[in-house]
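Thanks for making time this morning. I would like to walk you through one model, beginning with a helix and its surroundings and then moving on to the strands.

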Amino acid sequence: MLEPTIKPYEYSYITQQVTTLVSAYLTLNDQRMRQITLATTLERIIPLLPDQDPLAREFLQGLQALPPKRQAALDLLQTLQPLVIPFAQLTPKQLSKLFRKVKKLPQPNWAALNLHELTYLGWNDGGNQKKYLVAPWEDRLIGIQGDFAPQTVKGVCAICHTIGNVSLFTAITKRNGVTGYTRQGNYICRDSAQCNRQLTDPQRLRDFLTVVRPSKGR
């Protein structure tokens, strides 16, 4: 096996494509239409897989023989995870450096997270109605904290652009050359793990970070 090369958001995209394929299999009886759908799926997925990797080849072989069963699709996708670049499991000290102004930083529940599915890290502090985010910016990780409203509504998440259970996230920002602070509010997924599974375009995350990060210089 080669070094992992698939990014988590690419894995999310592959997962969505495979899920769509199985859904099509369950509704299409025409074998010709099934083959067309499979060909389209392969065309979209293959560019994201590493060349000459045995696991990637086995995955593609399994995909072409995939039965119309959702569990079979989930099992097949699991075999691809060793090729996905995992999010770094940060120590409490590393996290504290990203949130220097937080005296008692609550820790994420690492045991409940699948690092291969995380493009960014997010966790809630329900007792204090806060949310903490750690995300890639340029060539490093940055930490962003904000107030997180307890009310949940159905809406479009500003990060993954998917309709789901969202809450208002409000961060305080200060721009270079501007005096004072500004409160920036966006509705984002209540469940950051689910948000990551739905995030297939990293530009959406970057656009969100551009708005809520503390300053342009950070």
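Predicted model: local features only at pLDDT ≥ 70, side-chain atom pairs only at ≥ 80, totals over all residues.

Let me begin with what covers the buried residues of helix α4, where the cover includes α1 (8-27) and α3 (54-64), contact being taken as heavy atoms within 4.5 Å. Residues are numbered from 1 along each chain as its sequence is written, and side-chain values use heavy atoms, with hydrogens and water left out.

In α4 itself, residues 70-78, the buried residues are Ala73, Leu76 and Leu77, where buried means under 20% relative accessible area, with a 1.4 Å probe and protein chains only. Viewed down the axis of α4, these buried residues fall within an arc of 100°, so they line one face of the helix; the arc is that of the directions from the helix axis to the C-beta atoms.

Turning to the strands, which like the helices are DSSP runs numbered from the N terminus (helices H or I, at least four residues; strands E, at least two), β2 covers residues 130-137 and has 6 of its 8 residues buried. Strand β2 runs antiparallel to β1 (residues 121-125), joined by 5 bridges, and antiparallel to β3 (residues 140-148), joined by 8 bridges; two strands pair if DSSP finds at least two bridges between them. Tyr132 in β2 stands opposite Trp123 and also opposite Gln145 in β3.

Conventions
Buried < 20%, exposed > 50% of the residue type's maximum accessible area, 1.4 Å probe, protein only.
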